[in-house]
Amino acid sequence: MALTLVIGNKNYSSWSMRPWLALRANGIAFEEVFIPLYTGDDDKKRILNFTHSGKVPALIDGDITIWDSLAIIEYVAERFPETGLWSEDRARRAHARSISAEMHSGFMALRNECGMNLHRPVRAIALSADARANIARVQQIWIECRHRYAKLGPFLFGTFGAADAMFAPVVHRFRTYAIAVQREAQAYMETMMALPAFQEWTRAGLAETLVIERFETV
Ligand SMILES: N[C@@H](CCC(=O)N[C@@H](CS)C(=O)NCC(=O)O)C(=O)O
């Protein structure tokens, strides 16, 4: 039975981007259902028909529904172990899970002040101390991974994995808000931006014309 991934606007929906990348970067076939976000009751009802969370992303696999980006990535990793979304090495896996959970539950200031918006002209804005601390922490995470696992490949744990999918939207945020990053962080961003699945998502997001006014404030 084919998988169905329900997602929001590729221009804005960073939570949708994460599992989409985990699937696409690994060549896993899935049907994509796009539901525009924040358009009103009809589209909200369409989301609710898939998941009572009322939020995207959601993955449907036969009679199983999984909602929430990290839970979906966990499910994909379990269903398709050959993808190696989590490392086979227990220590690396624990490290990858820690930073993925940290991404999933944290970085509120960065998220609030630098919403993902691929259309946005590249331009720096004044950021709060909390957002600047988030940016420093993201770079610390990336650089520590690169120092520890550089021999295994150019992604956080060598090959593209769950943690990369979780951090991918941050690459867009750093780019569009013209955030100056350290050399190793820049190299990681370039690795991500060269990933065909990342480029495919980005092209599709840029081709969208729907505008969500509340995300166009800065
Ligand atoms: N913790 C959830 C967050 C999901 C979420 O907030 N999705 C947003 C779009 S990026 C959404 O569906 N918003 C629509 C709404 O709240 O009506 C996850 O990781 O998937």
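Me: What is the volume of the second largest pocket?
Reply: The second largest pocket has a volume of about 210 Å³, taken as the space filled by probe spheres set on grid points joined across faces, edges and corners. A pocket here is an open set of points on a 1 Å grid over the protein atoms alone, where a 1.4 Å probe fits, with protein on both sides within 12 Å along at least five of seven lines; lining residues have an atom within 4 Å of a point. This is a predicted model, in which local features need pLDDT of at least 70 and side-chain atom pairs pLDDT 80 or more, while totals for chains, interfaces and linings use all residues. Residues are numbered from 1 along each chain as its sequence is written, and side-chain values use heavy atoms, with hydrogens and water left out.

Me: Which residues line the second largest pocket?
Reply: Its lining consists of Glu74, Ala77, Glu78, Pro81, Gly84, Leu85, Trp86, Ser87, Glu88, Arg93 and Arg97. Five of these residues are charged, four nonpolar and two polar (Ala, Val, Leu, Ile, Met, Phe, Trp, Tyr, Cys and Pro count as nonpolar, Asp, Glu, Lys and Arg as charged, the others, Gly among them, as polar).

Me: And which element gives the most to that lining, the second largest pocket's?
Reply: α3 does, with three residues. Both α3 (69-79) and α4 (90-105) supply at least two; helices are DSSP runs of H or I with at least four residues, numbered from the N terminus.

Me: Turning to the ligand, which pocket is the space it takes?
Reply: The ligand takes the space of the largest pocket (more than half of its atoms lie within 2 Å of the grid points). About 840 Å³ of space lies in the largest pocket. Of its 32 lining residues, Tyr12, Trp15, Leu37, Tyr38 and Phe215 are the closest to the centre. α1 (14-24), α2 (41-50) and α5 (108-113) are the elements that each give two or more residues to this lining.

Me: Which residues surround the ligand?
Reply: Ser13, Trp15, Leu37, Tyr38, Lys44, Lys55, Val56, Pro57, Asp68, Ser69 and His104 surround the ligand, each with a heavy atom within 4 Å. By class, this shell has five nonpolar, three polar and three charged residues.

Me: How far is Lys44 from an oxygen atom of the ligand?
Reply: A polar side-chain atom of Lys44 lies 2.7 Å from a ligand oxygen, and Lys55 likewise places a polar side-chain atom 2.7 Å from an oxygen atom of the ligand. In the side chain of Asp68, an N or O atom is 3.1 Å from a ligand nitrogen. Such polar contacts are pairs of N or O atoms within 3.5 Å. The protein buries 82% of the 520 Å² that the ligand exposes when taken alone (Shrake-Rupley method, 1.4 Å probe).

Key. Polar contact = N/O pair within 3.5 Å; in protein donor to acceptor, adjacent residues only side chain to side chain.
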